[in-house]
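Visitor: Please take me through one part of this protein in detail. I would like to hear about the aromatic rings and how they pair.

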Amino acid sequence: MATKYTLPPLPYAYEALEPIISKQIMELHHQKHHQTYITNLNAALAAQTTALQANDVPQLIALQQKIKFNGGGHINHSLFWKNLAPPGDPQTRLDAAAPALKAAIEQRWGSVQGFTEAFGATLLAIQGSGWGWLVSSGPRGKLDITTTKDQDPVTGATPVFGVDMWEHAYYLQYYNNKAAYVEGIWKIINWATAEERYKNGVEGPSILKL
């Protein structure tokens, strides 16, 4: 029997990220977009189970892209919600919440400003839909900035935090002004969660268990 995934609750109220991200965006993003990835993932996994029982190899191959896309959407959004915290929350203060990560960022990019400028430039350079990530090559490993296309998840590294650059993440509020969204996102990054991921990795056999 295929595993059935469910929508994880947000760790804050829908309006908690205002004025950076509106309540309307958060409700649509969480209840509609994330839920759709989960619904489609469950359907694809159920179809995979049926195909395995029937030894239907062509169908198994055909299902892989659906599982990758919708499974990635579930993984990425499950990580993203925990990447964020209300503006002004102590968890959004890099100095206090993430001293080890801050030191590693300064070592890698020379300064926090150097890092945020490099990360922002990477986000704004994404063509079409995708994600920007700060990743680590394992607990307390080397930091890098990377991107993934569409809903591809990070593989081969620990996702310290990511930023959703699909239009549904910002368009109702920022329209085509992606730069304003990118500038504002720094006010709601949950550095405490980022510190935990940097120091210890993402625990468990599957990120889908987050």
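Guide: What follows is a walk through one group of rings. The model is predicted. Start with the setting. UniProt lists residues 100-197 for "domain: Manganese/iron superoxide dismutase C-terminal", in an unreviewed entry. This span is 43% helix and 21% strand.

Now the rings. A pair of aromatic rings is described by the distance of the centres and the angle of the planes. The count for the model is 17 aromatic pairs. One of them joins Trp109 and Phe115. Phe115 has a relative accessible area of 0%. Phe115 is therefore buried, as the cut-off is under 20%.

Next, take Phe119 and Phe161. This pair is also tilted, with 5.4 Å from centre to centre and 45° between the planes. Phe119 sits in helix α5, residues 112-124. Phe161 sits in strand β3, residues 158-164. The pair therefore ties together parts that are 42 residues apart in sequence. Both Phe119 and Phe161 are buried.

These residues belong to a cluster. Ring pairs link Trp109, Phe115, Phe119, Phe161, Trp186 and Trp191. A charged residue comes in at Trp109: Arg108 lies over the face of that ring, 4.9 Å from its centre.

How values were computed: Residues numbered from 1 in each chain as written. Predicted model: local features only at pLDDT ≥ 70, side-chain atom pairs only at ≥ 80, totals over all residues. Heavy atoms only, no water. UniProt positions renumbered as here; feature names shortened; annotations may be inferred. Helix = DSSP H or I, 4+ residues; strand = E, 2+ residues; numbered from the N terminus. Phe/Tyr/Trp six-rings, centres within 6.5 Å; stacked < 30°, edge-to-face > 60°. Buried < 20%, exposed > 50% of the residue type's maximum accessible area, 1.4 Å probe, protein only. Lys NZ or Arg CZ within 6 Å of the ring centre and 35° of its normal.
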